[in-house]
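User: Hi! I'm new to looking at protein structures. Could you walk me through this one?
Analyst: Happy to, let's take a look together.

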Amino acid sequence: MSDDLTTTAPDAPTTPPPAAGRRLGSAPPARLLDSGERLGLGELRAEQLRRLRETLHHAYTNIPLYRRKFDEAGVRPEDCRSLADLSRFPFTTKADLRETYPFGMFAVPMDRVRRVHASSGTSGRPTVVGYSERDLDMWADVVARCIRAAGGRPGHKVHVAYGYGLFTGGLGAHYGAERAGCTVIPASGGMTARQVQIIQDFRPEIIMVTPSYMLTLLDEFERQGIDPRTTSLRIGIFGAEPWTERMRQEIEERLDLHAVDIYGLSEVIGPGVAQECVESKDGLHIWEDHFYPEVVDPLSDEVVTDGATGEAVFTSLDKEAMPVIRYRTRDLTRLLPGTARPAFRRMERVTGRCDDMIIVRGVNLFPSQIEEIVLGTPGVAPHFQLHLTREGRLDRLTVRAEARPDATPERRAAAASAITQAVKDGVGLTVDTEIVDPETLERSVGKIRRIVDERDRG
């Protein structure tokens, strides 16, 4: 893998010159940093406090749920006199977003909301997120910052293979790449053979995609007799699902590119909350001028010191349409000092979750979502199991549900088809469904083991 990355000046032509840029490990040129990245630590902390106080007032004044939660906790926005005071304020959870579905968390009138995105919640009801025009500008800015930190430069072509639609990945990457001065190829997901052809024909330097689908694309290149190392791709920005150092090593070796991590979640903004820098590849720098991080003990709810593992919690500092205060991500990580961007702390790659959510091909899935579907399907008992395997490079999920004793073969077949379709329609995930005989699923002390995960985590 080459150590050099193409660099071009902000006013460079759309076709970048041959690779002749900075070496890995060097500091990023000052001209590539925006004003937020140039803040000193003291300036950053002062700006965080100013924005935090404004956000608390904005949320308390305009969102009834926050007004109620603050009052119940006995705190008011003016009680926040330091960043440490944020720990006195209540958390926000997915349950709060479900309670206020669809637009109860919006802090501006609908005529100021320019876009709505949504992601699935634990009950199957979407988590809805709104963006004002200012929010969309900020979102594009932070994703552009991510792309620059990954090594992207104006004039590069970006192949976006994240899904478009209510999912934040595709459009978040799209507008961020445009803001970075790149040319966007909006490939979206699926049609693997066609994606390979587009990469061959359009010759993008950057790809933004889930790491598991990147491995599938690699297999397709090789199936077609194309050496992936001969492609134009030089940077891969991978997110939307956990991945390992072993996956990074394999992708980099097979493609001859730099593979870096991006982090985000719809409730906070979408992709762009944090980014791994290409010159260090040592964890995700959090853009703290926009998102204030905490890590809490998931059992005691107390804030832990930097370096200790716990649950990541984020507060948006300048979101207008839908600010979030101390949003519990359920992601387990720890905060570390900044390196490539010294003022911004890093979050370690997510090591797991506090709850039972599983991620399949970039889609968040909770067993309770499947439970609702199984309970509403004739011919099956309320006993099911999620069986996860890896077939080639893609995760495969099989829903195994027990038939009712009187279910005929025809009724079992209809139930399997109905469950598969309901998961596709409600969750957006293609699964296989097996209807098994009664009392055949694995049980422990009378309880069915809900998740059997046989994927190789590497």
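User: Which residues in H5 are buried?
Analyst: In H5, the buried ones are Thr168, Gly169, Gly170, Leu171, Gly172, Ala173, His174, Gly176 and Ala177. Buried means under 20% relative accessible area, with over 50% being exposed and partly exposed in between (1.4 Å probe, protein chains only). This is a predicted model, where local features need pLDDT of at least 70 and side-chain atom pairs pLDDT 80 or more, while totals for chains, interfaces and linings use all residues. Residues are numbered from 1 along each chain as its sequence is written, and side-chain values use heavy atoms, leaving out hydrogens and water.

User: So what does that say about H5?
Analyst: Nine of its twelve residues are buried, so H5 is largely enclosed by the rest of the structure. Helix H5 covers residues 168–179 (helices are DSSP runs of at least four residues, strands of at least two, numbered from the N terminus).

User: And what comes after H5?
Analyst: Gly181 follows, and its phi is positive, near 85 degrees.

User: New topic: is Thr329 buried or exposed?
Analyst: Thr329 is buried, with a relative accessible area of 4%. Thr329 belongs to strand E12, residues 327–333.

User: What does its side chain reach at 2.7 Å?
Analyst: The side chain of Thr329 reaches the backbone oxygen of Ala312 at that distance, 2.7 Å. A polar atom of the Thr329 side chain also lies 3.0 Å from the backbone nitrogen of Asp331.

How values were computed. The expected span of a helix is 1.5 Å times one less than its number of residues. A polar contact is a pair of N or O atoms within 3.5 Å; within protein, one must be able to donate a hydrogen and the other to accept it, and residues adjacent in sequence count only if both atoms are side-chain atoms.
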